[in-house]
Amino acid sequence: MHDDRDLVEARLKRVLDERIRPAIYPESVPLEISVWHAPGEPVPVAEGLAATPGPIAVGDPWGPPWSTSWFTVTGTVPREWSGKIVEAILDLGFDPGKVGFQCEGLVYRPDGTPVKSLNPRTPWVRIGSPAGGGEEVRLHIEAASNPVILDYHPFLPTQLGDKETAGSDPLYRLGRMELAVFDKTVWELVMDLEVLGELMLELPADSGRRHEILRAVNRALDAVDLQDVGGSAEAARAELTGVLSSPSVPSAHRVTAVGHAHIDSAWLWPLRETVRKVARTASNMTALLEDEPDFVFAMSQAQQWAWIKEHRPEVWAKVTKAVAAGRFVPTGGMWVESDTNMPGSEAMARQFVHGKRFFIDEFGVDNEEVWLPDTFGFAAGLPQIIKAAGAKRLLTQKISWSQTNTFPHHTFLWEGIDGTRVFTHFPPVDSYNCSMTGHELAHAARNFKDKGVARHSLAPTGYGDGGGGTTREMVAKAARVRDLEGSPQVEWNTPDHFFAAAEAEYPNPPVWVGELYLELHRATLTSQAKTKQGNRRSEALLREAELWAATAAVRAGAEYPYQALDRIWKTVLLHQFHDILPGSSIAWVHREARRTYELVAEELNAIIDGAQRALAGDAAGAASGGTLVFNGAPHARGGVPAGGAAPAVTGAGTRARSREGGGYVLADDRLQVEIDGRGLVVSAVDRRSGRETVPEGRPANLLQLHPDFPNKWDAWDVDEFYRNTGTDLTDADEVRLDADAVVVRRSFGDSSVTQRLTLVSGRLEIETEVDWHEREKFLKLAFPLDVRADRYASESQFGHVFRATHTNTSWEAAKFEACNHRFVHLEEPGWGVALVNDSTYGHDVTRDVDAAGTTTTLRASLLRAPRFPDPETDQGVHRFRHALVPGATIGDAVREGWFINQPERRVPGGVEVAPLVRVDDDAVVVSAVKLADDGSGDVIVRFHESTGGRAATTLRAGFPVAEVVTTDLLERPTGEPQRPGDAIPVTLRPFELVTLRIKRA
Ligand SMILES: [Zn+2]
């Protein structure tokens, strides 16, 4: 037989595009349209419905960037359409080439009931099914003129990302606004032909099945009367029944389709728009659930649920009804789908506390899966936190975005720093926006690395970010591939159901140990420095606020600010969303974030201040001239116990003198540092060991400036080639002594830097103030170190991870920029160095060999200046603090990291404050002291082993103890209550995390 594959495939495409799809709506009549353009920000629904609209017509422009227009459409269903399915087609001016990321609408009835959303691929509303004819139609559309930021020419700088710079030109032209007859048979024919056409293309060209489908498709096209598609659709469908009823083979891959819409909590739109995006998509999905009995939809991010509850009660009513039916499913257990590299230990824990608690309180749902499809890499501390939150499974697909290495598994056990393992699935469909095409399904089956031992994978199915979620077309296609020869089998179900099936079929999956590093988006550790600093500061302030407020409540009977802390935590957690903290959002989002962090700091400082004054005694104490030092860090400092307060004492001073050959020498009893005439650190001698830290001829505190223009994803990516060129900023405008500090000023490009170098208790502190006006540059602060080390430690949640200093394999080479929390540490046996910071996360570590041997260079990433999506990223003044700690053990690194982030506070007063809890082993770090969230007054203490070793110690409570019980992160008991008195024995394995609930006597 002659091979006519190409001919038939091309025929199918043209006939579908030009004849069959247009015949889905064979008849239509125009709707009357009017509009009210809301001035400024969005208004409540009632206000939009009550406004008096003015005229507008199809084709007219509407919608300046970020504005809202309320359209009213009215019409009458023609009498002759009686018995037919009628829909309103409401095209706001969509670009159907993009599934979301543009204008959107939510349709309301005149009484304010939400109907469904309008999105590029779902611009319809069902009117009558069937219609009686003669019905009066009146609908209202709340339409958001959200600009397209990520365009067909992506990553070009744009002013559209902030309403303050976006201008006022309308962005859209109103499209078709009509009542139309929906021909269901033609639509079903389109679904048949799409499923078969797409499946056919995925099958081997020499397979019999492919040719069977080809012949059937050709017969169906023969049966279509091109002048009367509606009248011939049934006959065309009949030609396809045979190939559509042939069942799949027993070894077919099984896909659990989960209806989903990945909605970024802020990104190319501000937070306030996400509130509406979520309401639109949720309305769309409750409507689809009513139409499609097999369909299941899952929504993550408790914050987004809370937004619906707070802002759109009419949508919430529909959602909660669908939840009760088990079909609109809360998935995951975090407040938002956060970044997991940068959030600190407690914040990462609280993501789960607040996320899980919302689902438990609202729905009694305590999920065991963690849903993070789009997060930019996964810190190795996460498995322990997941387990401590009462979960045990993780889903992400993001590692498929890695540029260099292909991850070897799709289903596996992920082992974290303490040995905790969580069952992890990477959907092999490699997408969180699956649209149920034959290609996606075939890719999932082909790509699945665990075939032979496992058969199940999950496909998050639906358009996110303004796409409206799953479409009826996806549901129709899934129904056809439920059991179809040549295709994976597809069924709708919940994430929980998928995981149970996947675990059951795969009892001994392979194990991956350590972080799940994303080999992409590495610059998210640096972009938008003030957002990152705001996060770090807020985390530190929250710790202090809880600690001092709990201490004041127990000791002085002060009121504990439960509600304020709950609210502030949720604000900080929201801003850890995977496009806010990473710095990849538009200017508007980061402008608001900076302001929010200022307000958070104000409020937390007021809480801390109030608690400390309550503890420090009355004015009489202050009148005596006493000053109390409060130490909020988890280690004793300068004679003040951790979590306590004591009178201030003056420490040993620093000696400063001029250096021969220019510059200055700073010395205290532990460290002697030489700063040359260029302001560079040329020597740092640990006086206890006599060991030099800085290699000969390779000065430290060296600022290095690199060109930084990645191939794409400007705010997200730094590409490896940035290192090929760069400038050492060695020219100083000024190097002078100011009291005990050496002050260095430099200028470069349009920018300038002032540094202040001081010695404090054996560490070299460096305050760097940068007035930054560069474009597409990367600023690093380099510390060449005379240390030979094959690996180094970076602090992560509740511990640290090791990474190689070499690039033996592509996996190691790919980690050329990585995340630290408060410290990076490296050592030779018996001697090490730490670099601690107060707000930077990105860093890189490399090794060199010169005449003296192997040295290691550690560089902190300070600033970038990408121009997309925020064209003004990081312009302005920034302040960073770093400290170099020669002679540091890993324990010293942990402690110094805390100290630089948790400064002492001085308060007038004379009453020493004993800590609420004391631990006599520095390796055991208390990360949280607070009152229980249930308002019982119980004291919650969370601590962990921080060095990677074992600890056996005693935790002493500074108050009478009735009972102690171990709990999970949500403060729910996990063991039997004990009565050890106020001395609680503690034994910990490496990095083990423990939470105790202590009932006061
Ligand atoms: Zn995302």
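**View 1. Spacing of the zinc donors along the chain.** In sequence, the residues that donate to the zinc ion follow the pattern H-x1-D-x109-D-x203-H. The model shown here and in the other views is predicted.

View 2. Four residues coordinate the zinc ion: H262 and H578, each through NE2, and D264 and D374, each through OD. The coordinating distances are 1.9 to 2.1 Å. The angles subtended by the four donor atoms run from 89 to 155°, so the arrangement is irregular. A tetrahedral site would need all angles to lie between 85 and 135 degrees.

View 3. The cut-off for a buried residue is under 20% relative accessible area.

**View 4. Position of T331.** T331 lies in the loop that runs between strand β15 (328–330) and helix α10 (345–363). The relative accessible area of T331 is 0%, so this residue is buried.

**View 5. Surroundings of T331.** Leaving aside residues up to four places away in sequence, T331 touches A298, M299, S300, Q301, F359, N367, E369, W371 and P495. With one of these residues, E369, T331 forms a polar contact between side chains, at 2.7 Å. W371, another residue that T331 touches, is 40 residues from T331 along the chain, and their C-alpha atoms are separated by 6.7 Å.

Notes:
Residues numbered from 1 in each chain as written. Predicted model: local features only at pLDDT ≥ 70, side-chain atom pairs only at ≥ 80, totals over all residues. Heavy atoms only, no water. Helix = DSSP H or I, 4+ residues; strand = E, 2+ residues; numbered from the N terminus. Buried < 20%, exposed > 50% of the residue type's maximum accessible area, 1.4 Å probe, protein only. Contact = heavy atoms within 4.5 Å. Polar contact = N/O pair within 3.5 Å; in protein donor to acceptor, adjacent residues only side chain to side chain. Donors = N, O, S within 2.8 Å, 3.2 Å for Na, K, Ca; no water. Tetrahedral: all angles 85-135°; square planar, octahedral: opposite > 155°, others 65-115°.
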